[in-house]
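Here are my notes on the model, as numbered points. Please read them with the structure open.

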Amino acid sequence: MTHTEQADRPPGPLSGLLVADFSRILAGPYATMLLADLGAEVIKVEGPGGDDTRTWMPPVRDGVSTYYLGINRNKRSIALDLRDPGDLAVAQALAARADVLIENFKPGGLARFGLDYASVSAGNTGIVYASISGFGSGAGAALPGYDLMVQAISGLMSLTGDADGPPYRAGISVFDVMAGLHASIGILAALRHRDATGTGQHVEVNLLSSALSGLVNHSSGYVAGGTVPFRMGNAHPSLFPYEPLPTADGELIVIAGNDGQFRKLCQVLELEHLVGDPRFEHNQDRTANREALRPYLVERLATRTKDEWFRDLTAAGVACAPINTIDGGVRLAEELGLDPVVLTGDVPGIRNPIRFSGTAARYELPPPDLDEHGEEIRQWLKS
C-alpha cells in the first residue's frame, strides 16, 4: 500500500503520541515500528554511526540492509552524539516533549547524560519510559543482552533439535521479538494509566523474563509440575500426532489435538479400525503409545503426495500443513487474502499484523536514511 492510497484514511489509534526512540538493533525498533504503524510519531535517535543493523548484510535492497528495513518504517531519524553538549541538549529537549521514551542501553547507561527515567520524569511527569535489557536492572544489569545468550540460558535451546543431536537456536531472534511485543503492551498499558491519572511511569522489560513467559507450557511444566523437558525433535510432549510425518514426496505436519480430530484423521486415512483400539482411544493413550501408532500413519501417508493429503485432510477438518520455505508462507498468505506485503514508499515490507475496523495501520514513511530528518527535528524542537 502506498502513501497516496492512505491519504484520506482516518488517523491511526495512536495518532498524536510522540515517541522518542533511543533503542537500536531489534527488540526496541520492532516495538517502536509497531507503534508507528498505528499512528504514533516516532523519532529514531541514532548515534553518529547509525543503528548497527544498517550494516547487517546480506541480504540487501538497493545497498541497504533488509534487516534494518524490516523494523524501521514510519520513523524519522536524527543522528545525535550524546557526548556533544549541543546534541545532548537536543536529546534532552526531545525527551522533555515525548509521551513515550524507549531505550535499550545497558541499565543505568543513560544516567550520565541526564536521560535516565529519574532525570527525564523530573521535568516530564507524564512520560512513559520503557527500558529493554537482557537480564533486568538488578544483579543481571552487567550482562550483555544478546538474544542467542537468552536462548541458551533460558532453556529454549535444550528444547530445540533432535533428541540425540545438539541443541539449536531458533531460526529468528525469538526473544528479541517477544520482548519488543511485551514492551509495546507495557507502553500501551502505562498510557492507559496515564490517561486515567495524568502520571507516567517506568516500564521495564528484559529478555530473560520474556523468555520464561514465552516458554509457556514448558516453564509451567517445571515450576508447577517439577518436570524438566528436553528436546524431542519435532514431537510434542503432550500430543500425538503433532509433528511432521513423511508422505510420498515430502513431510506433512499432521495434528490431531483431540479425539474427534483423531477419528476424522483415521477416516481420511482409511484406518477406522484404530478408532476403537484402547491404545489410541484418548490423547493421553495416543501420546503414551506414539511409537505403536506412528507406523500405521506413516504407511498410509506414503501412498500419496503431501499436497493431496493437505487438500483432503483439510477438507475433513484435520489440521495439517506442508513445510514451506518463507516464500511459500508469503504466497499462501496472499492466496488467503491476507495481503501480507505492503509498500512504504518503494520499500516492500510485511504488513502490521493487527487489523482495526476504523483506524487502519499506516505505511507512510520508508525506513529513514541516517539523520534524514535531523535538521527538521532540530528546528521543530526550537519552536
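1. Which residues touch the most other members of the largest nonpolar core? They are Val19, Ala40, Ile102, Val128, Ile132 and Ile187, in a core of 35 residues. A nonpolar core here is a set of buried Ala, Val, Leu, Ile, Met, Phe, Trp, Tyr and Cys residues joined through side-chain atoms within 4.5 Å. Buried means under 20% relative accessible area, exposed means over 50%, and partly exposed is in between (1.4 Å probe, protein chains only).

2. A word on the basis. This is a predicted model, in which local features need pLDDT of at least 70 and side-chain atom pairs count only at pLDDT 80 or more, while totals for chains, interfaces and linings use all residues. Residues are numbered from 1 along each chain as its sequence is written, and side-chain values use heavy atoms, with hydrogens and water left out.

3. Back to the largest core, with its 35 residues. Two or more residues come from each of α1 (27–37), β6 (100–103), β7 (128–133), α6 (174–197), β8 (201–206) and α7 (207–214). Helix α6 gives the most, seven residues. Helices (H or I, at least four residues) and strands (E, at least two) are DSSP runs, numbered from the N terminus.

4. Ala40 touches Leu14, Ser15, Leu17, Val19, Leu35 and Arg362, leaving aside residues up to four places away in sequence. Contact means heavy atoms within 4.5 Å. Another core, of 23 residues, lies apart; Ile78, Leu88, Ala98 and Tyr129 are among its members.

5. Now the charged pairs. The structure has 20 salt bridges, each a side-chain nitrogen of Lys or Arg within 4 Å of a carboxyl oxygen of Asp or Glu. Asp259 and Arg286 form one (2.9 Å, N to O). Asp259 is in helix α9 (residues 259–268) and Arg286 in helix α10 (residues 283–288), so the pair ties together parts 27 residues apart in sequence. Asp259 is partly exposed at 22%; Arg286 is buried at 0%.

6. Glu270 and Arg300 also pair (3.7 Å, N to O). Glu270 sits in the loop between α9 and α10, and Arg300 in helix α11 (residues 290–301), 30 residues apart. Glu270 is exposed at 55%. Arg300 is partly exposed at 21%.

7. Within helix α11, Arg294 and Glu291 are three residues apart, about one turn. Their side chains meet in a salt bridge (2.8 Å, N to O). Arg294 is buried at 18%, whereas Glu291 is exposed at 56%.
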